[in-house]
Amino acid sequence: MDVPTAENTGHPRRWAILAVLVISLLVVVLDNTVLNVALRTIADPDEGLGASQSQLEWAINSYTLVFAGLLFTAGILADRLGRRITLTVGLALFGIASLVSAYAQTADQLIWARALMGLGAAAIMPSTLSIISNVFDPRERGRAIGVWAGAVGLGVAIGPIVGGLLLEHFWWGSVFLINVPVVIAGVVLVSVLVPESRDPRPGRIDIVGVLLSIVGLTLLTYGVIEGGEKGFGQPEAWGTLVAAVAVLTGFILYERRIAFPSLDVKLFAIPQFSASVGAIGLVFFAAMGAMFFSAFYLQLVRGYGPLASGALFVPFAVAQMVFAPRSAAMVKRFGPKLVSTVGLLLVAAGLAGWLVVGETTPIWIVGALFFLMGVGMANVMPPATEAIMSVLPREKAGVGSAVSNTIRQIGGALGVAALGAIVSSSYRDDVTTATAGLPDAAREVAQESISGAYGVAAQAGPGGAALISSANDAFITAMHYASIGSTIFALLGALVAAVWLPGKPPAGVPAPTTAEGLAEEQGIALVDAS
């Protein structure tokens, strides 16, 4: 048994601090998923706001757009101004915006309030991970990040359950109002327990780089959202994506030539760093896209209500809570290459399993597939995130956290958009014959989505059953195509991990854990900002 000889450099209250950070993180991740079960209620003109389909989409996307666009900048500011103050301000903004969202009187008010929630979330998310890097000794950091990653998975899974419970007993605004007491508790605990930390040598602030990153990431996210809604062949989608690529390319070129870059892009020349970033983006692309189509399958094809369908995500949460905290021990024993590769293969197997899911498949099989995906992600996220954070010194933890979270958010948004586009296109092609005899307006609604088909069927009298049967068949076929796409991306992530992530070092030979050590091993010269 290896006994560490060096003194533990972690904060004395590090595990209590981690608990506070998990609470802060949960409120953000929960909000990403809890809104989905409330969309139908918000669309109702009597019980909700009478929001249109476009307004519902922007109630989700306004949050995503601001969140993803400002994550990187928030990480930079946290390193410069202080992680605790950034986290506190983010929590306060998130709480105020949640209160405004709960009592919004119109759909437009809700959209703007959700954008403000995205601003708060952008400050919260990178701060939690960078604080972990600063209060934990490197020998314990992998375990702590495992707990952090488990909290992400838990929030994704229990969000629909919490939303379903609230909607069964309270009005739609309760899904936002519940954030407020959690945020208040978080602000108090952060001020009492979490120490302040910042980059002691921040150098000159890279204003041009910050602005380029905001513009580039916002254009990228907007282009992905528009592509998912209207098709990537539309000029508004591909034109925005081309502009995003141009701006981000300019950002990379600019960062390469200045003395104090926001992001030392030469870090991406280190295989451990770039492969970890790629693995995170690919696994979230695959998994979030799959969760998108599975929600429609459970609530429409199988007829489960919000609470029951949300409960089917519990196996995913259980797998995350059980296996993510143990991933550090697995990495120590087998190395990040093997653990991450096997994890991605398990995710791919869980996604491929949807190819056999049909209208009458025993529901325990669906639960088992979610569990398998959860086990896989629990062994991908912690080692990949730890690999990213270990490359950077503690004072630059905010930048590493921002990179990790930005890639995760963009990967998830791309997955929902791309796989959603596959589902929509396949569904429309297959349901065309069944809707041919409908009036023009009803036909357009029924062909737009399976939700629209169910709405038309409810008004179609005896002919509604046939339309529902055809819509279900078309959706299941589309879901199978999307599962093929998601499986391919998970397998691509496994290939990236297998080829470029480091294996277990030989006994008695410590692996380099800093950017300088890894760069020296690869013969790469990093920026010296001293």
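Predicted model: local features only at pLDDT ≥ 70, side-chain atom pairs only at ≥ 80, totals over all residues.

Visitor: What is the make-up of the protein in helices and strands, and how many of its residues count as buried?

Guide: There are 22 helices and 0 strands. Of the 530 residues, 53% count as buried.

Visitor: Why is Tyr-63 called buried?

Guide: The word applies under 20% relative accessible area. Tyr-63 has a relative accessibility of 0%, so Tyr-63 counts as buried. Phe-67 also has a value of 0% and is therefore buried.

Visitor: What makes the rings of Tyr-63 and Phe-67 a tilted pair?

Guide: A pair of aromatic rings is described by the distance of the centres and the angle of the planes. Rings pair if their centres lie within 6.5 Å, and planes under 30 degrees apart count as stacked, over 60 as edge-to-face and the rest as tilted. Here the centres are 5.6 Å apart and the planes stand at 55°, so the pair is tilted. A search of the whole structure finds 9 aromatic pairs.

Visitor: Why are Tyr-63 and Phe-67 said to be separated by about one helical turn?

Guide: Both belong to helix α3 (residues 53-81), and they are 4 residues apart there, which means a separation of about one helical turn.

Visitor: Which residues do ring pairs link into a cluster?

Guide: The cluster consists of Tyr-297, Trp-354 and Phe-370.

Visitor: How do you know that Phe-72 is buried?

Guide: Its relative accessible area is 5%, and the limit is under 20%, so Phe-72 is buried. Phe-72 is found in helix α3.

Visitor: Is Ser-340 buried or exposed, and what does it touch?

Guide: Ser-340, in helix α15, has a relative accessible area of 1%; this is under 20%, so Ser-340 is buried. Leaving aside neighbours within four places in sequence, Ser-340 is in contact with Asn-379, Val-380, Pro-383, Ala-497 and Leu-501. Between Ser-340 and Leu-501 there are 161 residues of sequence separation and 8.4 Å from C-alpha to C-alpha.

Visitor: What makes Ile-132 a buried residue?

Guide: A value of 0% is under the 20% limit, so Ile-132 is buried. Ile-132 has its place in helix α5 (residues 107-135). Not counting residues up to four places away in sequence, Ile-132 touches Leu-18, Leu-21, Ala-144, Ile-145 and Trp-148.

Visitor: Where in the protein is confidence lowest, and where is it highest?

Guide: Confidence is lowest in helix α22 (residues 515-522), at a mean of 48, and highest in helix α15 (residues 336-352), at 93. Over residues 514-525 the pLDDT stays under 50. For the protein, the mean pLDDT is 80, and 88% of the residues reach 70 or more.

Methods
Residues numbered from 1 in each chain as written. Heavy atoms only, no water. Helix = DSSP H or I, 4+ residues; strand = E, 2+ residues; numbered from the N terminus. Buried < 20%, exposed > 50% of the residue type's maximum accessible area, 1.4 Å probe, protein only. Phe/Tyr/Trp six-rings, centres within 6.5 Å; stacked < 30°, edge-to-face > 60°. pLDDT = per-residue confidence, 0-100. Contact = heavy atoms within 4.5 Å.
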